[in-house]
Amino acid sequence: MLNLSESDFQRLYTYIQKNYGIDLSKKKQLIVSRLSNSLAAEGHTDFSSYVNEIVSGKNKEATTAMLNKLTTNYTYFLREEEHFEFMEKTVLPALARKHQRDRVLSIWSAACSSGEEPYTISMYLKEFFANKGEGWDTRILATDISQKILASAQNPSYEEEALSRLPATWRRKYFTKKSDGYYTVTPEIRNNVIFKPFNLMDPIHFRRPFDLIFCRNVMIYFDQATKDALVRRFYDVTVPGGYLFIGHSEGLTKAVCPYKYLMPAIYQKV
């Protein structure tokens, strides 16, 4: 493995935390183990020149590729199923009543990765609104910091295992098996998701406030101050009565959390 000096390690994790909110200050061994092979293949003999490139800020794609390697999460459809059950039974009926006139929902899948989460949401929306009449705009905003991962989400290709928790009828209805054995989502589901690059450290300025925000299994990489500040920004762009879903392995600081706790990993702006 390549050598990562203490000074280069400090420069790297400081830059990452300042610009992306991710706390890797105790992850030196993880950085070395996950990046050494690819760096060596690119001709690096140690981390020094690589760290210089990253902290210069000139190669954004190299930075997002690095972040993807250091924060990789195994994801799949219908992950943390309790969220979707609550959305189906509680959130969607409330939103259908609330938006009966304008028929426009505002849902955000933040840090959407390779698309499993927003596509799962979209399938629930299609099922729920199938008998609610024409004219509903249920398009979902899905964002991630990585252009590369967004490109894969927009042109999805999933292993069969990733679909295993979905109902069999949904697998037949909303997926098409490709010649290589992988699966892609049907156009009606794909076209219901709008993908955009976005860094969660940036100010949030989207066109509409949100009825529902999913931000799951990304704040585990943030320190508490960064997490608290992000939750406040989410709160400011959530409509009154709207919801925030986080990952079950993530916790919010009760003393400063502006949302009302409803149940594990589900919060509401009241």
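## Burial and the basis of the model

A residue is termed buried when its relative accessible area is under 20%, exposed when over 50% and partly exposed in between (1.4 Å probe, protein chains only). By this criterion Tyr 20 is buried, because its relative accessibility is 8%.

The model is predicted: local features need pLDDT of at least 70 and side-chain atom pairs count only at pLDDT 80 or more, whereas totals for chains, interfaces and linings use all residues. Residues are numbered from 1 along each chain as its sequence is written, and side-chain values use heavy atoms, with hydrogens and water left out.

## Aromatic pairs

The structure contains 23 aromatic pairs, defined by ring centres of Phe, Tyr and Trp (its six-membered ring) within 6.5 Å; planes under 30 degrees apart are stacked, over 60 edge-to-face and the rest tilted. Tyr 15 and Tyr 20 form an edge-to-face pair, at 6.4 Å centre to centre and 65° between the planes. Tyr 15 is also buried, at 13% relative accessible area.

A further edge-to-face pair joins Phe 47 and Tyr 50, with 6.4 Å between centres and 80° between the planes; both Phe 47 and Tyr 50 are buried. One aromatic cluster includes Phe 84, Tyr 124 and Trp 170.

## Packing of α5 and α6

Helix α5 (residues 81-98) and helix α6 (residues 116-129) pack at about 50°, with axes 11 Å apart. Helices here are DSSP runs (H or I, at least four residues), numbered from the N terminus; axes are lines fitted to C-alpha atoms over the stretch in contact, and angles run from 0 to 180 degrees between N-to-C directions.

How values were computed. Helices (H or I, at least four residues) and strands (E, at least two) are DSSP runs, numbered from the N terminus.
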